[in-house]
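Please keep the sequence and structure in view while reading.

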Amino acid sequence: MTKRPIFVLPVHPDPCPHLVIERGPSNEGVGWWVPQVKHTHLAKYIGGTRKAQVKFPKRVLIDPFCGPGRIQVRGETFTRDGGAMVAWHQSVASQCPFTSVMVGDLDLERSAACEARLLAAGAPVQRFHGPAAETALRMADAVPRGALCLAYIDPYNLEYLSFSIIERLAQLPHVDFAVHFSLMDLTRNVDMELDPERDRFSGANPGWRDRVPAKAAKGSLPAWFFDDWRAQISKLGFSVSHEMPLVQDGQGRALYRLVFFSRHAFPDRIWVDIARNPTRSLFD
Ligand SMILES: C[S@@+](CC[C@H](N)C(=O)[O-])C[C@H]1O[C@@H](n2cnc3c(N)ncnc32)[C@H](O)[C@@H]1O
């Protein structure tokens, strides 16, 4: 068997260098794992599913936490494409260009920057402004009949991963999901969120507190919550891939998992292949 070449995300010039750049919540630059894990999986998934995608005349990217479309990695002197730009460029390179790229962000400056960069790269953009829990509903309404959709759901925190976003998008007939599931928040705070005075996680997993086993040990709660969330996704008719790349920081702390779910075996097979061989190209 011939070895497939190594896949490296291309670095494109920034078409709008004067616009805002994503440098993470602390503004010190995003972690290396953003391009190397998150964006690499996104690009490889788009390239890997090319043959299935071209069968659909309409192909839609749904990105309700889009950021400005440009990132800077901590320690790097240059900037790179953000997620929506990675996805658009890959769809073009793989000859299955999205027929609509739907982007939204709570921050108007960011969604406008993302839109400007996508337009400069020739993408058919539709911009939505506001919280993802609202824009995702409008995005779903705007999806053309019969379109194949990829929902890329990428919030900083679990608190903003509203289950209602997934529930609404799940009503689309042809949709696959790649979701950034934040573990930091969960690991640090889930036991405190059992307190009836608080509850930041019920948006992400409605009713979770009623389902927690009475005798659950505090240390088992984060894993229980994640399993329970996946069970709720399965109830929507999706199969959650068992390959869920874990991203850790330099100190070995779990930051998030990239969770993929779909209704069909083919996209799941592609995701599994990517997750098991993250550096190998799928495109030869
Ligand atoms: C992790 S960054 C997005 C990075 C981008 N998806 C990428 O791959 O380059 C998260 C973005 O979500 C936005 N955001 C925060 N809360 C939000 C909310 N409730 N609804 C929509 N966007 C939100 C932030 O302004 C930020 O731009």
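The points below describe a predicted model and are grouped by topic.

**Helix packing**

- Helix 3 spans residues 83-93 and helix 4 spans residues 108-120; their axes come within 10 Å and cross at roughly 20°.
- Because angles under 35 degrees count as roughly parallel, helix 3 is roughly parallel to helix 4.
- The crossing of these two helices, helix 3 and helix 4, is right-handed.
- On the helix 3 side the contact is made by Ala-84, Met-85 and Trp-88, and on the helix 4 side by Cys-114, Arg-117 and Leu-118.
- Sorted by class, the residues in the contact of helix 3 with helix 4 are 5 nonpolar and 1 charged, with no polar residue.

**Ligand shell**

- The ligand is surrounded by 18 residues.
- Gly-67, Gly-82, Gly-83, Leu-106 and Ala-132 are the closest of these.
- The shell around the ligand comprises 10 nonpolar, 3 polar and 5 charged residues.

- Asn-27 is not a glycine, yet has a positive phi of about 65°.
- Asn-27 sits in the segment before helix 1, which covers residues 33-48.
- With 9 other C-beta atoms within 10 Å, Asn-27 is exposed, since 12 or fewer counts as exposed.
- Gln-95, also not a glycine, has a positive phi of about 60°.
- The loop between helix 3 and strand 4 (100-105) holds Gln-95.
- Gln-95 is exposed, and 10 other C-beta atoms lie within 10 Å.

Terms used
Residues numbered from 1 in each chain as written. Predicted model: local features only at pLDDT ≥ 70, side-chain atom pairs only at ≥ 80, totals over all residues. Axes fitted to C-alpha atoms, helices over the stretch in contact; angles between N-to-C directions. Helix = DSSP H or I, 4+ residues; strand = E, 2+ residues; numbered from the N terminus. Parallel < 35°, antiparallel > 145°, perpendicular 65-115°, else oblique. Left-handed = near helix turned anticlockwise from the far one by under 90°. Contact = placed C-beta atoms within 7 Å. Nonpolar A, V, L, I, M, F, W, Y, C, P; charged D, E, K, R; others polar. Near = placed C-beta within 6 Å. Buried ≥ 20, exposed ≤ 12 C-beta atoms within 10 Å, placed from the backbone.
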